[in-house]
Amino acid sequence: MPGVIKGPQTLYDKVFNDHIVDEQDDGTCVLYIDRHLVHEVTSPQAFEGLKNAARKVRRPDNTLVTTDHNIPTTSRKHFKNVTTFVEETDSRLQCETLEQNVKDFKLTYFGLGDKRQGIVHIIGPEQGFTLPGTTVVCGDSHTSTHGAFGALAFGIGTSEVEHVLATQTLLSRKSKNMKVQVDGELAPGVSSKDIILYVIGQIGTAGGTGHVIEFCGSAIAALSMEARMSICNMSIEGGARAGLVAPDDITFEYLKNRPLAPKLDSPEWKKAVKYWRSLRSDEGANYDVEVIINARDIEPTVSWGTSPQDVIGITGVVPGPDDFKDENKKQACRRSLDYMGLKEGTKMTDIVLDKVFIGSCTNARIEDLRIAASIVKGKTVAPNLTRVMIVPGSGLVKRQAESEGLDKVFQDAGFEWREAGCSMCLGMNPDILQPGERCASTSNRNFEGRQGAGGRTHLMSPAMAAAAALVGKLADVRHLADYEKAVPSAKSAGANVHPPIVDDPESDIDFESMLGEDDANQGNTADTKAPASKGSGFPKFTQLKGIAAPMDRSNVDTDAIIPKQFLKTIKRSGLSAGLFHAWSKNKDGSLNPDFILNQEPYTKSKILVVSGPNFGCGSSREHAPWALLDFGITCIIASSFGDIFYNNTFKNGMLPLQVDDPEALKAVFAEAQAGREIEVDLETNTVKSADGKKLATFEVDDFRRKCLLEGLDEIGLTLMKDEKISRFEKRRTEETPWLDGSGYLSRHRVGAVKVEAAPLPKTNRGEAVEEPLEW
Ligand SMILES: CC(C)[C@H](C(=O)O)[C@@H](O)C(=O)O
Ligand code: SF4
């Protein structure tokens, strides 16, 4: 049987293997997806693709939709509908589009008028939608959160959202196993957020690339479910495809009486718990990488730079380039200090803040709010802070907090008490930092411009953010009493702020004017342009010859490739206007002549060559490959890639090309720097100079290679497997009946759906492919 591993298995092996519908010789699997969460930012193009191909949502009973990223977090007392409530034009259109799609496809939706609305990764667990042993996906990188239940949960791009909607499966390959074991007792004042920040500091943002991390050890076993969620949430920041924790009594206790979990004490509940208990790694199971950490080594941890790996204990000082051996890291450190306006050697506790944000899918659950409230109770926020916000993760968290009087504690201390949403975690709504402002944040990303162009983010736990709110500086929550006399006055705000690196203000982007004619016509665009809608494959990728732009950076995150203000589109095209926006544009919107893609001959680049590792890390936004494609770049060459970005590029007929040999990468980079054309040949797996000299070789999985060479539509291919998918669903219904829509989702409960005879996959010209590939 495919995928069966002989011998002891890890938890990840077990969950992955249990979901294999079909497996190819090269390891590409059709993986069944149990749970699909959907939000407004990454779904419009997916629904458009479904509509264009006249496809249905296969399992509405396993699909849950909410709106969280774009929405205002102001009072909803007078909320009537999104059209009147969401003021910002593009955000409103995205919210309206979501609601229309929910209606058209008859899906379950928690809108702004619903008390269950909230951040997608908070509502899933809260409702019992997330269950042990399931596969959970969402067009969002922090789907890893749900791994806290022993679920295999990972972020996907919009093309994959469409794939799951249409087929309830994904084409996926098995990742490697990594174990992060944290043993011992946490010291007072240290929380699960400190654990994960510390772990990422140790392994780096690419440390988990290609792996699924299992978190274990006595310190993890002692954590509550909410604390485990904060850890799994940030596994993506460590580069991992997913993070998970074996389910145990703490998990089962949490799931009791959740609306979508099996009914407590029913035969289904008993059967489920028996199965869930089997979800543990076997004795002697093999991990490709093991990391062992002593919980006692962890102190309250904060970030100092612009990558989640730039962390240090609160008692430390801001590091400098000499603290790093690797030249890429020295360079990244210089850049981070410059952006953050910090001087090497500054004590972390001397860093003065402007704002505090307690929220996000990492830390906006009830326990987070309780701990923050316990610290600020009866005290007042520091006068130098211009804004201190509490944004509960869901309407239900908000209600719970209010029933405990936490809202009053916060408001009395001077905090704003907001409505649920992503808010200042990424600032797609009006909650943003101004250029140069410095924020203590319980969120998960401190990338340049993440919370607002030019804004500076310090990541930390809710306890540490609450302490920072009282002190007005980064502060050690363990020694709050020592600060009492040292709270900065109002005028010392921004005392350590250096001139910020800013891009233009985040005013409304005129998406209409960004759209080309092709888009208006709704047809596939020419060769190197992003298609307006999918449904019938891509141009074939065989050879590509052209100018390659050299980019001398590492850890380029997808927020940098395309910042959040450009994600408010409902189209795939026109996104080159936002490509590398903060680097490519001056403050006034004019082109920055120093940026490589603005210089000749690189304005015509078809290839991007990146010197450092981990290109495309972070967010799952498929807008990143769409923006590159729209510029004309169809191939990116680097030593390594963020997993989700890597996947997303293939779905758009692009080639991310991993060159393992550092000398070969240098040779390709040198050609790019010289402004000479290079040639990428997918038929021979080589990169050549313009005069035919072999510069590098590369590997691409067989299946992906064939899809690129033949320009195939993966959804069409998967639908050819309908019989196998239906058989899998039948077995699933028999063995794990609680996974077919339960609770309020049972109105959609149809079990295995019969779909029409699967059409043959098509080429980009719409012709049926006669013998596509052995499949
Ligand atoms: C908008 C979405 C694609 C994105 C993600 O994938 O993470 C967002 O949630 C983020 O945190 O950057
Ligand atoms: S990381 Fe931030 S923006 Fe992304 S889902 Fe979580 S709260 Fe929302």
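Ligand 1 is surrounded by V41, T42, H69, D140, S141, H142, G155, L426, L567, S619, S620 and R621, each with its C-beta atom, placed from the backbone, within 6 Å of the ligand. This is a predicted model: local features need pLDDT of at least 70, side-chain atom pairs count only at pLDDT 80 or more, and totals for chains, interfaces and linings use all residues. Residues are numbered from 1 along each chain as its sequence is written, while chains are lettered from A and ligands numbered from 1 in the order in which they are written.

**Ligand shell**
- Three shell residues are nonpolar, seven polar and two charged (Asp, Glu, Lys and Arg count as charged; Gly is among the polar ones).
- Domain 1 (11–296) and domain 3 (527–713) each supply at least three shell residues.

**Domains**
- The protein chain splits into domain 1 (11–296), domain 2 (354–480) and domain 3 (527–713), with bounds from an automatic or database domain assignment.
- Domain 2 and domain 3 have C-alpha centres 37 Å apart.
- Their contact takes nine residues from domain 2 and nine from domain 3 (C-beta atoms, placed from the backbone, within 7 Å).
- The domain 2 side of this contact has four nonpolar, two polar and three charged residues.

**Helix α27**
- I725, F728 and E729 are the buried residues of α27 (20 or more other C-beta atoms within 10 Å of their own; exposed means 12 or fewer).
- These residues sit on the same side of α27 because they cover an arc of only 100° around the axis, taken from the directions from the helix axis to the C-beta atoms.
- E723, K730, R731 and E734 are exposed on the other side of α27.
- The buried residues of α27 pack against β1 (20–23), β2 (29–32), α6 (158–167) and β8 (169–172).

Notes:
Contact = placed C-beta atoms within 7 Å. Helix = DSSP H or I, 4+ residues; strand = E, 2+ residues; numbered from the N terminus.
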